[in-house]
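Some comments on the model follow, as numbered points.

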Amino acid sequence: MGVRKPLRPARNRRRIVLYDEPRVKEIKTDRDVPMDRLLAAALNARAGSATDGGCLDAETLAAWADEALDARERASAEAHAADCARCQALLAAMVKTRPPAAEARSWWRVPAFGWLIPVTVAATALVIWIAVPNRVPVQISDGGAQAVDQVTAPQAPAPRSAPLESAPLEDAKAQTPPGGSPQSQVAKELGRSVAPPSVDLRERRKEEALEKDAFRAEGAAAKALSEAVSVAPAAPSAGAAPAPAREPAPSQSADANTMRAAAPASARVSAFANAPEALVVSSNPSTRFRLLRGGNVQRSADAGATWRTETTGATDTLTAGASPSPSVCWLIGPSGTVLLSTDGRSWRRVAFPETVDLRSVAATDHENATVTAADGRVFVTTDGGRTWSRTPGL
Amino acid sequence: MNASYARDLELARQCAAGEEPAWERFVLEYRPLLYRAADALDASGGARDLADSLYADLYGMPESGSERRSLFRYFQGRSSLATWLRAVLAQRYVDRLRAQKRLEPLPDEDSALPLGHQGRRETRAGDPPDPDRVRHVGLLREALGRAIDRLDTRDRLRLGSYYVQDLTLAETGRLMKEHEATVSRQLARTRRDLRKDVERQLREDAGLSEAQVAECFESASEDAGPLDLRLMLGDGGPEAPAARKKSAPDRSV
């Protein structure tokens, strides 16, 4: 059995002096006790013998206590007091008569700064509320619209002249294409949420209610469309508004639904009858086209942040368009006006067999498009507009 | 000059000029403060008479035929009036104590010796004096005196505040404008340096061996010697000053 070495003392032997510890508490060796006694005696004798005058007057003593002495005066006073019993006693008396200092408080506990805490918290919350969009999707209990509304899409940039609340049925249909808004469609396709920019829950619920209303209106609009399509060509007057949907027959509604289902999701029909401006959102929502009065078009590649005006050559205000891809866009207008762009910038006039006002268009690419005339006739092209044919059976 | 000091100086000037409203304000604001300071110096109330006499001097009671001379004229505004008043009171208190100490008769040699087991003073008359012991203690004191001389001024003042005035670490820190932890470390360092210096002097200058150095300390622990003013003043025990707690500041003046 080996001999255990004595434990070494801790590496840091220096004690930490806590507050209000009156005297130095150190482990003293056998020589420290006599040293303390001798030290006190020697200092007493030394201080008592040093009486050469020049003691601190009351003014200097008070300035010392108030820390009003400059460095030179302070050093001079300390040099004298170090060997003067009277001045040491005076200084000790000054220390002992010092009024109790107010409790040291952290600066944030000072009443003058107390208001900073709630203000800072409120400002921080405001900044977060503004800066961070609410990305929590809202679950709608409405079963029919749940698939659509699970993604709380931002409000599509609606035509300024056609607010949602007062828009006619067709406008509602135009702004809310089948399956929801273009943004919600894209979001569904991408499989992720698209959050609206900082809207509170109450506003969003209001929007959702409006969206559901629009969704219901869309069904009625589809019925109206099917009614118009199924009606025999009656050569309506140019520019006439579409016949309002009344009581569509079940078969007509089924046809309309069939047609809507046949339209590819990437090419949305936008019809803005009598609208001074219309918006065509591409399959990629960042690319969109704004139809201006007089036939010109504005194109945005950054989701509407900036717009560039493009000349189409048309003189009449275009009424609708379809953009199956960011570079391909079909536009239609009155008197059989059909325009096609395959690069998103230049437009070419496509020959149309009839001089009739066109109401809506659906396209899958730059070759295939379906155009519905105001009189309900539907024309289809599969070669980029070189040839058109009426949809059989319609 | 500090703005508050300037206001105090103006108040002192008005009081010195004998303006009654100023004096009334001074009494209202500063009389409690002065009494608190007097009680801090002497908890038994023995310093209150000093505070009252100070009031008279501050008011400048005219002596027979002479003009009124207020003590306020010495206030120059280098500090607050309250601190200056405390300083004046401390001066008077310390001077009175020192005067009293001078008038007290010194104890005879025997009374300075510690009491024995039977309550009688141990006398060394019958004991043969140990010449080595006396010499060792003398050497130790001389070495300690030289070591103290070599100390820095602030170290000496810190030692005096702590060992002679018996201030606490916190009070010493307030006097030195240091944190009490700093005071504690500095005191420990100074004492360690002093001991090393003393041991070195005993070995090198006095030519003592390590065993003789140990005997020096042993002798000093047995007899602090007649130079211990605490024993001479009769209010100190044989224990080390560090073992004693706070004491009245008048013990060393």
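What pLDDT does chain A average, and what share of the residues score at least 70?

1. This is a predicted model. The average pLDDT of chain A is 66, and 49% of its residues score at least 70. Residues 137-200 of chain A have a pLDDT below 50, yet in the model this stretch makes 123 contacts beyond near neighbours in sequence.

2. A further stretch of chain A, residues 217-276, also stays under 50 in pLDDT. For this stretch the model has 120 contacts beyond four places in sequence.

3. On the overall make-up of chain A: the chain contains 10 helices and 13 strands. Of its 394 residues, 40% are buried. Among contacts in chain A with a separation of 6 or more, 56% are between residues 24 or more positions apart.

4. In chain B, consider helix H2 (residues 20-41) and helix H3 (residues 48-59): their axes come within 9 Å and cross at roughly 150°. H2(B) is therefore roughly antiparallel to H3(B), since the angle is over 145 degrees. The crossing of the two helices is right-handed.

5. Which residues of H2(B) and H3(B) meet? From H2(B) they are Trp23(B), Leu34(B), Tyr35(B) and Ala38(B); from H3(B) they are Arg48(B), Leu50(B), Ala51(B), Leu54(B) and Tyr59(B). Classed by type, the contact of H2(B) with H3(B) comprises 8 nonpolar residues, 1 charged residue and no polar ones.

Methods. Residues are numbered from 1 along each chain as its sequence is written. Chains are lettered from A and ligands numbered from 1 in the order in which they are written. This is a predicted model: local features need pLDDT of at least 70, side-chain atom pairs count only at pLDDT 80 or more; totals for chains, interfaces and linings use all residues. Helices (H or I, at least four residues) and strands (E, at least two) are DSSP runs, numbered from the N terminus. A residue is buried if 20 or more other C-beta atoms lie within 10 Å of its own, exposed if 12 or fewer, and partly exposed in between; C-beta atoms are placed from the backbone. Two residues are in contact if their C-beta atoms, placed from the backbone, lie within 7 Å. pLDDT is the predictor's confidence in each residue, from 0 to 100. Axes are lines fitted to C-alpha atoms, for helices over the stretch in contact, and angles run from 0 to 180 degrees between N-to-C directions. Angles under 35 degrees count as roughly parallel, over 145 as roughly antiparallel, 65 to 115 as roughly perpendicular and the rest as oblique. A crossing is left-handed if the near helix is turned anticlockwise from the far one by less than a right angle, and right-handed if clockwise. Ala, Val, Leu, Ile, Met, Phe, Trp, Tyr, Cys and Pro count as nonpolar, Asp, Glu, Lys and Arg as charged, and the others, Gly among them, as polar.
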